[in-house]
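Please look through the sequence and the structure shown here before reading on. The report that follows takes up a few features one after another, each of which can be found in the picture.

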Amino acid sequence: MSDILEKVMDAVDLETYLVCKDEEEAEKFTLELMEKLGFKDTTIVFIQHQGPGARIRARGYIYKPGDRYSWLFDQSN
Amino acid sequence: MSRKKVLLAPLDPVHDIGLKMIKRGLEQNGHDTILMPPDHTQEEIIKAIIDNKADVVLISRTLGYGVAEILGKFIDLAEAAGLRDRVKIGIGGMAIRPELAAELGFDAGFGPGTTVEEAVAFVEDREYIPAETGVKQEKKDITADYKYDFNNKRIEKLLDTIVDGILDYVSDKTTTAIMRAELRRQIIESTSESEKDKFRREYAKLCDDVVKSFYEAGKYREKTRPLSSDEVSALSKYVGDVNSRMRPMKLQHTDKNPVVFIQYGTGCPFMDIAHIKSCEAWGADGVIHFDPSWGARTEGFLEGYITHEEDGSIITYENLKSIKESLAPYTLWQVRAHRGLNTPETVVIAGKIGADLTKINIAYGSLSGGTDPERLTVDAVAAIKYAAEFSMPFDVVTNEELSGVPAYKAFAGMLIVSKLGLRLGGKPILQPLFCYSPEVMINGQMEDNYVDFNAAKIYCLRNIVNAPIWCGAPIGFLTQTEDRVQSSLMTALHASLASSLGVDGISIASSDEAFSKGPITAASRIDTLRATQASFRFFGHANMEPTENAKKWAEEMEEGIEKVLESVVKNGSFIDALYQGLLGSREDGAYPGRAGRNSVLTKA
């Protein structure tokens with residue numbers, strides 16, 4: 001994990017619009033996109049396909065409750 | 001401070017509203033102003049500065065196209081005219097960033113969001129200190145203005161009869177939860193470690209095996225772990241640092257807007273605190289502690305700083321104390337004790353630490369919360385007594401509606417527990433749901449809009465009793481989707497509906513309300529706080545107008561409540577009425593809870 005991601009309180013949400021033919025394809029593309037961006041713990045929060053593409057919101061968790069949060073120890077907070 | 005002559009000039013084809021506002025502010029502060037109309041050239045503005053012998057010039061530029069070239073030329077001309085040594089020049093507007101202004105040689109640059117006061121400070125050569133008007137100073141007691149007078153005397157009489165029966169029944173009853181609550185109080189109050197250990201040993205004997213093994217063998221439940229000492233000290237520093245830079249926003253736009261609560265319970269008290277501090281910064285007035293559902297089915301509480309990996313944050317004295325110590329002094333704090341096998345102890349811990357509010361409802365807790373009706377009735381009377389002792393008002397939530405119980409039945413249960421609370425010296429707060437409940441899904445009261453049926457609930461309760469109302473929990477339940485824009489909008493509109501109806505408080509969800517595949521995030525909490533603030537700003541003192549259905553349904557609800565209360569009185573026993581389904585039946589979707597069944601003891 002890079003240092004800057006340690007500044008994220010809990011998760012990074014990625015919102016965009018994917019050109020695709022249906023929701024199934026949108027889901028596949030979304031997970032590929034998150035993997036390409038380096039997120040390990042990924043889930044899709046929202047996905048809706050209409051016509052040309054899909055509005056999506058994907059989430060990459062950096063910390064989940066119970067983890068040890070690096071930002072808690074950062075003296076520059 | 002000397003009086004200044006200020007020339008205000010829009011270097012823009014049309015836009016000058018910002019300069020008009022600043023002109024007014026400057027004049028109120030005793031300065032002379034000259035406002036040029038839009039669409040003048042740089043050369044014309046330079047000439048006006050010279051002709052008017054201005055001390056200060058404020059230029060505005062809204063359009064971004066070619067901004068650097070246009071402003072650069074203006075500064076060059078000012079330099080060539082010999083103005084730079086004696087005239088102070090500031091630039092502001094939507095297209096301006098302070099870095100750009102500095103780079104081009106202006107004395108100051110004011111970007112979007114600049115206040116009139118900031119511009120006046122620049123003209124007067126003084127440092128700008130932001131006003132603290134948005135900072136909250138005091139907690140609001142939402143029960144303060146209520147006398148609990150019943151307008152519907154028939155209903156009041158029925159409630160009194162039922163409450164008499166409850167108090168008579170519990171008078172010779174006790175439970176292990178009540179005994180543990182007293183032991184917990186002794187553990188908290190004792191200053192002797194050996195005495196604390198003695199109380200702990202007694203306490204452990206009254207607990208389930210999983211809790212007993214914690215006290216006797218130091219074993220933790222699966223998916224839980226103690227937080228380390230370096231995490232605990234890091235938290236303290238984190239909170240201190242955050243508090244030193246807090247300038248909280250204010251959600252309310254008018255004094256009629258209700259106080260706004262958020263719910264937390266990520267599983268980790270430290271993540272909770274991080275979320276709480278973020279919510280305080282974005283204007284939340286209060287926070288509500290959510291404990292894990294397994295905690296409600298377990299006899300006894302653990303001790304220490306404990307985190308776990310599931311929803312709901314474990315109630316321990318230390319966890320709650322760390323949360324309390326992190327709160328801003330003006331933040332209202334509620335710890336729920338509305339269901340489960342530890343309700344009296346929850347109120348004791350919350351009260352000793354200084355919680356402002358708790359949550360108690362026998363009908364909900366036993367019909368939809370999984371706790372045995374008899375057990376919860378005995379425990380709840382003790383819990384209400386503690387709430388009264390610690391001066392903690394408690395809301396009486398009606399979440400059994402989400403199981404399918406019709407509002408009028410849920411309200412009958414709420415009113416019984418509220419009357420019980422009043423009799424025991426407590427301050428109950430009515431908590432109707434603003435939700436898309438199974439009742440309305442089946443019967444169609446929300447086919448047209450989400451306004452009328454929710455309004456009917458408030459009209460009905462106001463017709464019955466003069467009591468504080470806090471809509472929950474959260475408002476808009478089952479109207480939100482996983483789309484954060486839709487979800488935030490639904491929350492905000494329900495918030496403004498609540499405000500229109502003059503309620504005292506609301507609990508709002510995050511925009512992750514309908515998302516169930518992982519923990520909710522801090523950002524999603526800010527979404528709905530922001531939306532609520534915008535909606536309060538939009539409506540101000542204006543109201544939403546329900547249709548005639550609202551009053552009609554309010555009358556039907558009131559009649560329904562009265563009939564339910566009559567049936568409980570006729571039955572002769574509140575507890576039996578819960579088992580029999582008079583306040584929510586199996587057909588409705590309510591099932592008497594089993595946790596703690598047959599555990600009530602007769603006092604020796």
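## Where the chains meet

How many residues does the contact take from chain A, and how many from chain B? In this predicted model, the contact takes 18 residues from chain A and 24 residues from chain B. On the side of chain A that touches chain B, the elements giving two or more residues are strand 1, strand 2, strand 3 and helix 2 (70-73) of chain A. Strand 2 of chain A gives the most to this side, with four residues. Sorted by class, the side of chain A that touches chain B has eight nonpolar, four polar and six charged residues.

## The sheet of chain A

Strands of a sheet pair through backbone hydrogen bonds, and the pairing is either parallel or antiparallel. In chain A, three strands form an open sheet in the order 1-3-2, and their pairing is antiparallel. Strand 1 (11-19) and strand 2 (41-50) of chain A are the edge strands, each of which pairs on one side only. On average, and with direction ignored, neighbouring strands of this sheet are turned by 15 degrees against each other.

Strand 1 of chain A is joined to strand 3 (residues 53-61) of chain A by nine bridges in the antiparallel sense, and A:Thr16 stands opposite A:Ile56 in strand 3 of chain A. Helix 1 (residues 23-36) of chain A packs on the sheet, where it touches strand 1, strand 2 and strand 3 of chain A, and its direction makes about 145 degrees with that of strand 2 of chain A.

For chain B, the domain assignment gives domain 1 (5-123) and domain 2 (157-173 + 261-566 + 575-580). The C-alpha centres of domain 1 and domain 2 of chain B lie 53 Å apart.

Two packed helices are described by the angle between their axes and the distance between the axes. For helix 2 (residues 42-52) and helix 3 (residues 67-80) of chain B, the axes come within 10 Å and cross at roughly 40 degrees, and the crossing of helix 2 and helix 3 of chain B is right-handed. Which residues meet there? From helix 2 of chain B come B:Gln42, B:Glu43 and B:Ile46, while helix 3 of chain B brings B:Lys73, B:Phe74, B:Leu77 and B:Ala78. By class, this contact of helix 2 with helix 3 of chain B has four nonpolar, one polar and two charged residues.

## An enclosed strand

Why is strand 8 (residues 259-264) of chain B described as largely enclosed by the rest of the structure? The description applies because six of the six residues of strand 8 of chain B are buried. In a regular strand the side chains alternate between the two faces of the sheet. In strand 8 of chain B both faces are covered, with B:Val259, B:Phe261 and B:Gln263 buried on one side and B:Val260, B:Ile262 and B:Tyr264 buried on the other.

Strand 8 of chain B runs parallel to strand 17 (residues 505-508) of chain B, and four bridges join them; here B:Val260 stands opposite B:Ile506 in strand 17 of chain B. Strand 8 of chain B also pairs in the parallel sense with strand 9 (residues 286-289) of chain B, over four bridges, and B:Gln263 stands opposite B:Ile288 in strand 9 of chain B.

## Backbone details in chain B

Most residues other than glycine have a negative phi, and most peptide bonds are trans. B:Lys53, in the loop between helix 2 and strand 3 (56-60) of chain B, has a positive phi of about 50 degrees although it is not a glycine. B:Lys53 counts as exposed because it has 10 C-beta neighbours inside 10 Å, where the cut-off for exposed is 12 or fewer.

B:Asp125 is found in the loop between helix 5 (116-123) and helix 6 (153-170) of chain B, and it too is not a glycine but has a positive phi, of about 55 degrees. With 11 other C-beta atoms within 10 Å, B:Asp125 is exposed. The peptide bond from B:Ala473 to B:Pro474 is cis, with omega near 0 degrees, and B:Pro474 is found in strand 16 (residues 470-477) of chain B.

Note on methods. Residues are numbered from 1 along each chain as its sequence is written. Chains are lettered from A and ligands numbered from 1 in the order in which they are written. This is a predicted model: local features need pLDDT of at least 70, side-chain atom pairs count only at pLDDT 80 or more; totals for chains, interfaces and linings use all residues. Axes are lines fitted to C-alpha atoms, for helices over the stretch in contact, and angles run from 0 to 180 degrees between N-to-C directions. A crossing is left-handed if the near helix is turned anticlockwise from the far one by less than a right angle, and right-handed if clockwise. Two residues are in contact if their C-beta atoms, placed from the backbone, lie within 7 Å. Ala, Val, Leu, Ile, Met, Phe, Trp, Tyr, Cys and Pro count as nonpolar, Asp, Glu, Lys and Arg as charged, and the others, Gly among them, as polar. Two strands pair if DSSP finds at least two bridges between them. Domain bounds come from an automatic or database domain assignment. A residue is buried if 20 or more other C-beta atoms lie within 10 Å of its own, exposed if 12 or fewer, and partly exposed in between; C-beta atoms are placed from the backbone.
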